[in-house]
Amino acid sequence: DSMMFNIGLAVLPFFKPLGKLPVDSLKRDWAERASDAGWPGGLDEDALLAGAIGLSVCLAVSFSLIGLFLIGINGLVAGVVGLLAGFYLFGNSLTGITKRRLVKVGRSMPYVVDLLVLTMRAGASFGMAMERVAADFRTHPIGQEFTVTLREVNACTPRKQAFLNMAERTPLPVMRTFVDEIIQSEELGRGISDTLERMSERIRVRRKQDAADIAGKAKVNVLAPSVLALVGILL
């Protein structure tokens with residue numbers, strides 16, 4: 001959704017060969033950010049690095065031309081600012097995507113837990129219930145997370161480790177609680193459907209509390225402009 005991120009994607013084909021430069025530490029940083037953001041656009045770390053370099057070069061050239069026109073030859077130094085700004089804006093776009101993605105995951109968890117409970121109450125296994133969530137939420141970040149987890153389990157990754165990986169990819173309290181409850185139920189031999197049913201109610205209560213907190217903060221934030229508006233009306 002970010003304009004600067006879309007600009008980076010637009011210039012990507014011209015600068016993708018730059019992704020082969022020996023900058024492994026920088027590529028690892030992009031990979032971590034992209035993993036948290038759900039790998040937007042299906043780009044790998046090389047493509048992301050190339051996009052960041054492309055955006056930085058475009059901004060550096062633009063800033064240099066503007067500085068040259070306004071100041072003269074010394075204005076070319078502005079190109080350095082554009083170069084740094086390109087990397088910052090590209091990384092900031094990934095951070096913004098990550099935050100919006102986590103918000104979507106957190107808001108969807110009550111419905112996901114309910115769907116798991118209903119599917120298992122109908123006689124399906126936990127694995128089948130997870131497949132149902134992955135299918136029904138296939139275009140949603142939470143569906144993508146369940147899909148990745150199922151693939152890891154099918155690739156012979158221990159289910160406990162697969163769920164721990166999901167909690168690491170989505171660092172939210174509600175997701176951590178979900179994973180801990182699942183792992184504890186399997187280790188203690190408790191019914192997962194009963195555990196999820198109890199957890200569903202707790203998640204809904206927590207969701208209501210969070211909504212009340214947000215509403216309370218909104219009242220405080222709206223107070224200052226309201227006072228200014230009142231003063232303006234009185235004047």
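**Note on pockets, surface patch and salt bridges**

1. The second largest pocket has a volume of about 250 Å³. A pocket here is an open set of points on a 1 Å grid over the protein atoms alone, where a 1.4 Å probe fits, with protein on both sides within 12 Å along at least five of seven lines; lining residues have an atom within 4 Å of a point. The volume is the space filled by probe spheres set on the points, with grid points joined across faces, edges and corners. The lining of this second largest pocket comprises 11 residues, and Ala37, Ile97, Arg101, Lys104 and Pro141 lie nearest its centre. Helix 4 and helix 6 (141–154) are the elements that give two or more residues to this lining. Helices are DSSP runs (H or I, at least four residues), numbered from the N terminus.

2. On provenance: this is a predicted model, in which local features need pLDDT of at least 70 and side-chain atom pairs count only at pLDDT 80 or more, while totals for chains, interfaces and linings use all residues. Residues are numbered from 1 along each chain as its sequence is written, and side-chain values use heavy atoms, with hydrogens and water left out.

3. Helix 4 supplies the largest share of the lining of the second largest pocket, four residues. By type, that lining divides into four nonpolar, three polar and four charged residues. Ala, Val, Leu, Ile, Met, Phe, Trp, Tyr, Cys and Pro count as nonpolar, Asp, Glu, Lys and Arg as charged, and the others, Gly among them, as polar.

4. The largest pocket has a volume of about 610 Å³. Its lining has 20 residues, and the closest to the centre are Gly106, Val174, Arg206, Arg207 and Asp210. Two or more lining residues come from each of helix 4 (78–121), helix 8 (173–188) and helix 9 (192–234). Helix 9 gives the largest share, 10 residues. The lining of the largest pocket divides into 11 nonpolar, two polar and seven charged residues.

5. A nonpolar patch on the surface is formed by Val57, Val61, Leu65, Leu68, Ile73, Leu76 and Leu83, with about 590 Å² of accessible area together. Patch members have over 30% relative accessible area and no salt bridge, and nonpolar side chains (Val, Leu, Ile, Met, Phe, Trp, Tyr) are joined within 5 Å. Areas come from the Shrake-Rupley method with a 1.4 Å probe; for residues, only the protein chains shown count as cover. Helix 3 (residues 45–70) gives the most to the patch, with four residues. Leu68 is found in helix 3 and counts as partly exposed because its relative accessibility is 38%. The classes are buried (under 20% relative accessible area), exposed (over 50%) and partly exposed (in between), with a 1.4 Å probe and protein chains only.

6. The structure holds 11 salt bridges, each a side-chain nitrogen of Lys or Arg within 4 Å of a carboxyl oxygen of Asp or Glu. One of them joins Asp136 and Arg132 at 2.7 Å, N to O. Both residues lie in helix 5 (residues 126–136), four residues apart, about one turn of the helix. Asp136 is partly exposed at 42% relative accessibility, and Arg132 is partly exposed at 41%.

7. Arg169 and Glu152 also meet in a salt bridge, at 3.4 Å, N to O. Arg169 lies in helix 7 (residues 159–169) and Glu152 in helix 6, so this pair ties together parts that are 17 residues apart in sequence. Arg169 is buried at 15% relative accessible area, and Glu152 is buried at 19%.

8. Lys160 forms a salt bridge with Glu187, the closest N and O atoms being 3.3 Å apart. This pair links distant parts of the chain, with Lys160 in helix 7 and Glu187 in helix 8, 27 residues apart. Lys160 is partly exposed at 42% relative accessible area, whereas Glu187 is exposed at 55%. Elsewhere, salt bridges that share partners join Arg101, Glu145, Glu152 and Arg169 into one network.

9. Two C-alpha distances are listed for reference. Val179 lies in helix 8 and is buried at 0% relative accessibility; Val179 and Asn165 are 14 residues apart in sequence and 9.6 Å apart in space, C-alpha to C-alpha. Ser193 is found in helix 9 and is buried at 13% relative accessibility. Ser193 and Thr119 are 74 residues apart in sequence and 9.2 Å apart in space, C-alpha to C-alpha.

Technical notes: Patches are made of residues with over 30% relative accessible area and no salt bridge: like charges are joined within 9 Å, nonpolar side chains (Val, Leu, Ile, Met, Phe, Trp, Tyr) within 5 Å.
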